[in-house]
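Hi there,

Here is the structure I promised to pass on to you. Have a look at it first, and then read my notes below.

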Amino acid sequence: MFFNLGRRRPGLYLHIGQPKSGTTSLQDFLSLEREQLREQGFLYPRLSQVENENAHHALSYDVREETVPGLRMTPHDPSRNARVWEQLARAVRHTACPTVILSSEDFYFLDDNGARRRSAVALLANRLKPLFSSVTVVAYLRRQDEHVESWCNELVKYGFRRNTHDIATLAESLPACHSDYHMLRQLWVRSFGEDAVVFRAFRRDRLKNGSIVDDFCELVGYQPSSRLADFSHRNLRLTRLGFEVTRHLNRFEHSLPVHRRAVDLIRELAVEPPGDPGAEAPFEYFREPLRDKWRRSNRALRLDFSDPLLEQRETQVRPYCLWQPPDLEALRQAALRAALEDDRCAAAAGALVAAAIDVMRTEYHAL
């Protein structure tokens, strides 16, 4: 890791997420703009032999696994022997660009419980500081109730949490980084310094043009190409009704490919029932102890959220989705048709969705 003494090491913008704040869209755009970035003095490195060349998840996986052995999941195995940190060092050593950008929402989960004996954030700092003249850590944070709802949706959608818990119970099982933003910032400040950590509120009315892509480009000083005008955001969520169906199908043993086919079916036909009073106030889906944790964090770290204290009054927890049996009929009929297909995966997915709906109907009539 040696540098030409005649030139200054580049500076680094390290984008750490958070998940579900437009990170995939930003990474896809920066990957698309690699050549234009280079022309303006920005290096967005491409790692080889990794699952996703648009982002830098493998750097984070490598660091996290040093503190939590065996943490990587099977889809990420291609990066195990890719020597990704050597790849990064080589790219930085040979670039003429004065600024490097790295982006992965997986960095957000380093030390996700805040109590490990060996800090992965500190380990990351030790790896980055010899490569760069400065490091600026950037995170875009959604208001906790909005973020937690979206992250629970992601877990259920991709089958990471194979349980049948309602969203309030699932939310209470999440690591502290999803709720205590003040603790999270202090964790990064300890390793990189107070002025090096930039936490911004993910609010459409505060982001440039309402977009994280525009906002990040302005933050780092990059003038994006005309592609930005036509760039669409990625990674659509399930509706609340879709979430309910998906968590109920977890009652049945099934494979990940079947899960994904089932979610495709659910995403298409589980439309949002009208008239849900909680849609504009997602904090009402969660119980008071968790909301109180959010309040304490937001008092310590002001991020100009639209409702920073998430309402002081205690309210009864709202059902996550006010659905009626007819809301499921179109999905059930499509699932029954899919169950008759010759494709075994599609048939299994259809049967699974139909079974989940039958369970939901039984529970509904038992109330």
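Please keep in mind that this is a predicted model. On the α6 side, the contact is made by Gln144, Asp145 and Val148, and on the α12 side by Trp294, Ser297 and Asn298. Sorted by class, this contact of α6 with α12 has 2 nonpolar, 3 polar and 1 charged residues.

The axes of helix α10 (residues 240-249) and helix α14 (residues 344-366) come within 8 Å, with a crossing of roughly 100 degrees. Because of that angle, α10 is roughly perpendicular to α14. From α10, the residues that take part are Leu241, Glu244, Val245, His248 and Leu249, and they meet Leu352, Val353, Ala356, Ile357, Val359, Met360 and Glu363 of α14. By class, the contact of α10 with α14 has 9 nonpolar, 1 polar and 2 charged residues.

Now turn to helix α11, which covers residues 256-269. Its 14 residues reach 20 Å from the first C-alpha to the last, close to the 20 Å expected at 1.5 Å a residue. Which residues of α11 are buried? They are Val258, His259, Ala262, Val263, Leu265 and Ile266. Looking down the axis of α11, you will see that these buried residues fall within an arc of 160 degrees, so they line one face of the helix. What covers the buried residues of α11 includes α6, α10, α13 (329-338) and α14.

Finally, a few spots in the loops are worth a visit. Gly17 and Gln18 are joined by a cis peptide bond, with omega about 10 degrees. Gln18 sits in the loop between β1 (11-15) and α1 (23-32).

Gln49, in the loop between β2 (42-43) and α3 (57-67), has a phi near 60 degrees, a positive value in a residue other than glycine. Gln49 is exposed, with a relative accessible area of 52%.

Arg83 also has a positive phi, near 50 degrees, and is likewise a residue other than glycine. You will find Arg83 in the loop between α3 and α4 (84-94). Is Arg83 buried or exposed? At 57% relative accessibility, Arg83 counts as exposed.

Enjoy exploring!

Best wishes

Notes. Residues numbered from 1 in each chain as written. Predicted model: local features only at pLDDT ≥ 70, side-chain atom pairs only at ≥ 80, totals over all residues. Heavy atoms only, no water. Axes fitted to C-alpha atoms, helices over the stretch in contact; angles between N-to-C directions. Helix = DSSP H or I, 4+ residues; strand = E, 2+ residues; numbered from the N terminus. Parallel < 35°, antiparallel > 145°, perpendicular 65-115°, else oblique. Contact = heavy atoms within 4.5 Å. Nonpolar A, V, L, I, M, F, W, Y, C, P; charged D, E, K, R; others polar. Expected span 1.5 Å × (residues − 1). Buried < 20%, exposed > 50% of the residue type's maximum accessible area, 1.4 Å probe, protein only. Arc of directions from axis to C-beta.
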